[in-house]
Amino acid sequence: MRHLTSMSTPSDLLPHLRRAHDLIDSCYADDLEVAVIAQRAGVSKYHFIRSFSAAYGQTPAQYLAHRRIERAQDLLRATNLTVTEVCMLVGYTSLGSFSAKFRALVGETPSAFQQRYGGKGVPHIPGCYVFMRGLQERAIPEKPGRGFED
């Protein structure tokens with residue numbers, strides 16, 4: 001029987017950890033509980049936390065927070081949504097918790113970030129469009145084959 005150390009993860013567990021990682025990536029705005037994610041990986045909650053940390057260098061909760069804040073940065077830069085709307089869209093239920101985590105990870109408040117980066121570049125996406133269409137991950141469209149002209 002192999003024992004998990006802080007520096008290694010059994011190779012037979014890696015596909016299950018990737019599945020859980022993908023779940024966090026795709027459902028970051030949902031109310032995700034570690035026990036549910038661990039169940040998806042097919043291991044106990046505490047074994048999952050240790051294994052995920054060994055494989056990805058951070059706990060599932062830390063990874064989820066980073067994912068949410070990254071998405072919030074995208075929304076604050078590209079839309080005309082308020083900080084409160086962005087907070088709710090990325091899965092936080094408390095503006096205070098969102099702002100504190102944002103500041104801890106980014107180094108400034110969401111409002112300051114939006115003022116600094118939101119005014120530059122392309123026009124903002126209207127918030128009503130984001131609410132109507134929902135949040136969709138960015139996908140790079142396939143390039144047409146060579147020799148074809150549009």
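Helices here are DSSP runs of H or I with at least four residues, numbered from the N terminus. In this predicted model, helix α7 spans residues 110-118 and holds both Phe113 and Tyr117, which sit 4 residues apart, about one turn of the helix.

**Aromatic pairs**

- The count of aromatic pairs comes to 7, and one of them joins Phe52 and Tyr56 in a tilted arrangement, with 4.7 Å from centre to centre and 45° between the planes.
- Phe52 and Tyr56 are 4 residues apart in helix α3 (residues 45-56), and therefore about one helical turn separates them.
- Within this pair, Phe52 is buried, with a relative accessible area of 0%, whereas Tyr56 is partly exposed, its relative accessible area being 30%.
- The rings of Phe113 and Tyr117 have centres 4.7 Å apart and planes at 45°, so this pair is tilted.
- Phe113 is buried at a relative accessible area of 2%, while Tyr117, with a value of 31%, is partly exposed.

**Surroundings of Leu23**

- Leu23 is a residue of helix α1, which covers residues 14-26, and because its relative accessibility is 10%, Leu23 counts as buried.
- When neighbours within four places in sequence are left aside, Leu23 is in contact with Tyr28, Leu32, Ile37 and Arg40.
- Between Leu23 and Ala41, which are 18 residues apart in sequence, the C-alpha to C-alpha distance is 9.8 Å.

**Packing of α1 with α4**

- Helix α1 packs with helix α4 (residues 60-78) at an angle of about 35°, and their axes are 9 Å apart.
- The crossing in which α1 passes α4 is right-handed, and the contact is made by His21, Ile24 and Asp25 on the α1 side and by Pro60, Tyr63, Leu64 and Arg67 on the α4 side.
- Sorted by class, the residues in the contact of α1 with α4 are 4 nonpolar, 1 polar and 2 charged.

**Cysteines**

- The structure holds 0 disulfides, a disulfide being counted where two cysteine sulfur atoms lie within 2.5 Å.
- Cys27 has a relative accessible area of 21% and is therefore partly exposed, since buried requires a value under 20%.
- Cys87, in contrast, counts as buried because its relative accessibility is 0%.

Notes:
Residues are numbered from 1 along each chain as its sequence is written. This is a predicted model: local features need pLDDT of at least 70, side-chain atom pairs count only at pLDDT 80 or more; totals for chains, interfaces and linings use all residues. Side-chain values use heavy atoms; hydrogens and water are left out. Helices (H or I, at least four residues) and strands (E, at least two) are DSSP runs, numbered from the N terminus. Buried means under 20% relative accessible area, exposed over 50%, partly exposed in between (1.4 Å probe, protein chains only). Contact means heavy atoms within 4.5 Å. Axes are lines fitted to C-alpha atoms, for helices over the stretch in contact, and angles run from 0 to 180 degrees between N-to-C directions. A crossing is left-handed if the near helix is turned anticlockwise from the far one by less than a right angle, and right-handed if clockwise. Ala, Val, Leu, Ile, Met, Phe, Trp, Tyr, Cys and Pro count as nonpolar, Asp, Glu, Lys and Arg as charged, and the others, Gly among them, as polar. Rings of Phe, Tyr and Trp (its six-membered ring) pair if their centres lie within 6.5 Å; planes under 30 degrees apart count as stacked, over 60 as edge-to-face and the rest as tilted.
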